[in-house]
Amino acid sequence: MPIIPVINLSHNNLSGPLTNLPNGALDFFHYRDFGEPRLYLQNNNFNGSIPRSLCKRGDLNDLDLSRNRLTGQIPNCFKNMYSLQFLKLRSNRLSGIIPSSIVGPFPVLSVLQLSDNNFSGELPVELWNLSSLLVLDLGNNAFHGEIPEIRKTDKFDDSLWFLRETGVSDSLWILRLRNNNFTGRIPRSLCKNVGLQILDIAHNNFTGIIPCCLGELQGMVDSNIHYMEFFRDGAEEEFDQVMKGTTLEYTKTWYLVSNMDLSSNKLVGEIPVELTALQGLVGLNLSNNHLSGGIPNNIGNMTALNSLDLSGNKLDGPIPPNITALTFLSYLNLSNNNLSGPIPTGNQFLTFSTDPSIYAGNKGLCGAPLPKKCSHQDPTATAKNIYEANHEPNKVWFYVDIMCGFAAGFWGIVVVLMLKKQWRHKLFIFAEESMDKIHVAVMVRVNKMKRGREAT
């Protein structure tokens, strides 16, 4: 088949093996008028393995074979596709490991989508060190192992020149590892990817605490709409995200979604208060872990939150009063924790007043929509009152410290005066002189008042 720079046969009912594909490479002068070489065969019924003839396409920049019925492994000869920047193989029946040669001698790979296949094994270290990698979607496979501390190389793909001024040109934008068997801790070096806007590592076996530095991810604070300049016409970006308790597929509007899903792991410790600085975060799911402590008091600062799921943990204490400031919140799940006190009311929380399942499994909670009334407290009690009540012991100890300090100072002076005769003598003289001065001042004032009355 003759080499055509851009082939788009996507969204048809084509079937059979991938044969008769272009198996040569074009030089720049042949495709400069058509743009960089691209091959779009997604959403068809192609079967069989990925042909090794594709490895001869050293000029190919974009390859999309998603949503077919392809089987077998990724050919090891992909290292010859040194210009490959977009590789999308999602939703097939591919298996085996990811060969380290997929990075190639010239690391320009920016988008790698292998989700919804049967891949297994550990990820090649070379993959984590790619400075050009922006999107890594490996969800719904059988990968295992730990995520290493990410140390990206200094090499940089010139095609990303327009993003350098944004400060996120060498940062992952999307990391999706859900439904695998990854273990170990969440690496702190992940926080260096300041442009990260989708972090989805749900349904794995991650342990340890949630790194506080995740609150520094600028991609979850500001809009990343400028990222769309990077994706070409004809390219399709599809990402599944669990939001509002259901799986949603984002295509054209994915860049507007900012989501952090750490659910169904083995994470422990408290919810970092630093996460509340992510004011652009749309979805936060920390459910089904072993988190303890309270809900951060300033969670109301996350003004863009549309979906919040903290269920299935060991959280305790009251629901912070300012959670009612989340006026965009349309999905909430706080069930199966150890929360206590009245359920806040007002603003957006009025929409949650008819669904008791949101708060189920928290024996200490009371108020609508739960059947348990807050009868043991003042009817006008709010979550703020409970919060202050829980902090009352701190106030008591504050006053105890003051009294102890006063007593120590007072008796310290008394003891010194008892032991130092000279000091005691001077103190008595000072006190006597002070009393005389006060007496004289009072008498002078009284005499002036009397004279004033006699004159009138």
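Which loop holds the place of Arg 90? Select Arg 90 to begin: it sits in the loop between β7 (86-88) and β8 (93-96). Strands here are DSSP runs of E of at least two residues, and helices are runs of H or I of at least four, numbered from the N terminus.

The model is predicted, so local features need pLDDT of at least 70 and side-chain atom pairs count only at pLDDT 80 or more, while totals for chains, interfaces and linings use all residues. Residues are numbered from 1 along each chain as its sequence is written, and side-chain values use heavy atoms, with hydrogens and water left out.

Arg 90 is buried, because its relative accessibility is 3% (buried is under 20% relative accessible area, exposed over 50%, partly exposed in between; 1.4 Å probe, protein chains only). Next, display its contacts (heavy atoms within 4.5 Å). Leaving aside residues up to four places away in sequence, Arg 90 touches, among others, Arg 67, Asp 116, Glu 238 and Asp 240.

Move to Arg 67, in the loop between β5 (62-64) and β6 (69-72). Arg 67 is not a glycine, yet its phi is positive, about 55 degrees. Its relative accessible area of 28% makes Arg 67 partly exposed.

Then select Asp 116, in the loop between β9 (111-113) and β10 (118-121). Asp 116 also is not a glycine and has a positive phi, near 60 degrees. At 24% relative accessibility, Asp 116 is partly exposed.

Finish at Pro 369, in the loop between β27 (364-366) and α3 (383-390). The peptide bond joining Ala 368 and Pro 369 is cis, with omega about 10 degrees. Most peptide bonds are trans, and most residues other than glycine have a negative phi.
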